[in-house]
Amino acid sequence: MADLVLTEDELMQKHKRERKELQAQIQILKKSICKGDKKKKKEVMEEVGRLEESLEKRHTEELNAWRLARVKLDDKEEAELADMSEEISTDNNCLEQPVQRISKAQKRREKKAIAERERNQRIIEQEALNVFGKRNVEMEAIKKILSERGLMVYEIPSDGHCLYNAVAHQLKVNGEAPLSLHDLRMKTADYLRENMNDFLPFLSNPDSEDLLTPEEFEKYCNDVAKTSTWGGAVELQVLSCILKSPIEVIQATGTPYIIGDQYTNGKKVTVTYHRHMYELGAHYNSVTKHVPDEES
């Protein structure tokens, strides 16, 4: 059996080095921002996002390709061993008994068996693609990070309210004053309106890429308050300010990052960020203490 070019451990070490190199590149980009230059900051953060997404995409594709190749190689080896065993068995039979003619019915059965084996092989390959697909690889990576902290993912519905529901769940876990997703949305919209000049430079029209006008900003705030508009980086920043609490975001690649680390009195809110969990786009989940599986 031919060896793969890299072992899985070597591939993971390669990815780790490349992520470290990217982080160094990102630090250089961030240091290039002049204090108070909001336009430059926006451009740099967009470039950082593109670089991280590109690296993550390539790493996922390389890992998927490696694992699929591993599955095919194992299957090929198993098939070769089966063929050798069948040849030995056939040779022994030839020594022990005269050659028998194969009937048409037997040929049909063998043809059907071959077709069934090919079908099963396709199923195995498809299952391998699912297991090593972006969604599952990402989830397993996040689970591993949480497991090391004695935590596990707490699933939040994908309905546009995931960020607010994840934060609301965290407030309950931390024993803080409970707030519903409606409360959090209203408070977020109010804070945005009160601090429009701080957030306008980071919000743009998705169609034109131009910064929002004051009228468009007001509509943005109304959507935050009254619709299921998805919350992102801006809303995380606002929620941290509202709750006066740091918010840690855990993701599959890169180190977890904390928003609002200036707040030290309240309990930290922890959420997980998933880029590939649903086809509609990114998603936030909450976390809870890990519960060991009960033995049956």
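Which residue takes a positive phi just after α5? In this predicted model, the residue in question is G175, where phi is about 75°.

Of its 296 residues, 31% count as buried, and the chain exposes about 19700 Å², of which carbon and sulfur atoms supply 52%. Among contacts in the chain with a separation of 6 or more, 63% are accounted for by residues 24 or more positions apart.

Helix α5 spans residues 162–173 and has 12 residues, reaching 16 Å from its first C-alpha to its last, which is close to the 16 Å expected at 1.5 Å a residue. Because 10 of its 12 residues are buried, α5 is largely enclosed by the rest of the structure. The buried residues of α5 are C162, L163, Y164, N165, A166, V167, A168, H169, Q170 and L171; buried here refers to a relative accessible area under 20%.

The residues L11, H15, E18, L22 and I26 of α1 are buried. An α-helix has 3.6 residues a turn, so residues three or four places apart point the same way.

Helix α1 also takes part in the second largest pocket, giving 9 residues to the lining, the largest share of it. About 980 Å³ of space lies in this second largest pocket, and the elements that give two or more residues to its lining are α1 (8–31), α2 (38–96) and α4 (134–147). The lining of the second largest pocket consists of 30 residues, of which M12, R19, A141, K144 and A252 lie nearest its centre. Divided by class, the lining of this pocket has 12 charged residues, together with 9 nonpolar and 9 polar residues.

How values were computed. Residues are numbered from 1 along each chain as its sequence is written. This is a predicted model: local features need pLDDT of at least 70, side-chain atom pairs count only at pLDDT 80 or more; totals for chains, interfaces and linings use all residues. Side-chain values use heavy atoms; hydrogens and water are left out. On a 1 Å grid over the protein atoms alone, a cavity is a set of points where a 1.4 Å probe fits but cannot get out, and a pocket is an open set with protein on both sides within 12 Å along at least five of seven lines; lining residues have an atom within 4 Å of a point. Grid points are joined across faces, edges and corners, and a volume is the space filled by probe spheres set on the points. Helices (H or I, at least four residues) and strands (E, at least two) are DSSP runs, numbered from the N terminus. Ala, Val, Leu, Ile, Met, Phe, Trp, Tyr, Cys and Pro count as nonpolar, Asp, Glu, Lys and Arg as charged, and the others, Gly among them, as polar. Buried means under 20% relative accessible area, exposed over 50%, partly exposed in between (1.4 Å probe, protein chains only). Contact means heavy atoms within 4.5 Å. Accessible areas come from the Shrake-Rupley method with a 1.4 Å probe; for residues, only the protein chains shown count as cover. The expected span of a helix is 1.5 Å times one less than its number of residues.
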